[in-house]
Amino acid sequence: MILYPVPRSLTPGEGEYYLPVKEETGSLFVFWQSVRNGMDGVRLTKAPFADPEEYRLIVSPGGVEISASGDEGFFRGATTLWQMARFSGGRPGWGFRAQE
């Protein structure tokens, strides 16, 4: 899987998570709006990162968590999640291997 920008680190974990959404992955804007408005299974958490675009994305069997200091970081994290969804085929119930 190719992600842009390239993550600083990517650590595979145990298990999988299936994102219970029906939105198409064709539109990043629609996907971002869904995440921002409270997409089931995705939690946005404020964190004190120095860079406004910095984020941490954790996929676990219990769901997805995107940590950032504000909207720029949350958008970058959602963009990575969108790319992962497109890589998995963009079907409803997108499956991801757990990773951090």
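This is a predicted model: local features need pLDDT of at least 70, side-chain atom pairs count only at pLDDT 80 or more; totals for chains, interfaces and linings use all residues.

Q: Which element supplies the largest share of the lining of the largest pocket?
A: Strand E3 does, with four residues. Both E3 (55-60) and H2 contribute at least two residues each.

Q: Why is Thr79 called buried?
A: Its relative accessibility is 12%, and buried means under 20%; Thr79 therefore counts as buried. Thr79 belongs to helix H2, whose buried residues also include Phe74, Leu81 and Trp82.

Q: What makes the pair formed by the side chain of Thr79 and the backbone oxygen of Phe75 a polar contact?
A: A polar atom of the Thr79 side chain lies 2.8 Å from that oxygen. The limit for such a contact is 3.5 Å, so the pair is within it.

Q: Why is Ser27 called partly exposed?
A: Ser27 has a relative accessible area of 28%. Buried requires under 20% and exposed over 50%, so Ser27 falls in between. Ser27 sits in the loop between strand E1 (12-19) and helix H1 (28-36), and its side chain reaches the backbone nitrogen of Val30 at 3.1 Å.

Q: How does the reach of helix H2 compare with the expected span?
A: Helix H2 (residues 71-87) has 17 residues and reaches 24 Å from first to last C-alpha, close to the expected 24 Å.

Methods: Residues are numbered from 1 along each chain as its sequence is written. Side-chain values use heavy atoms; hydrogens and water are left out. Buried means under 20% relative accessible area, exposed over 50%, partly exposed in between (1.4 Å probe, protein chains only). A polar contact is a pair of N or O atoms within 3.5 Å; within protein, one must be able to donate a hydrogen and the other to accept it, and residues adjacent in sequence count only if both atoms are side-chain atoms. The expected span of a helix is 1.5 Å times one less than its number of residues.
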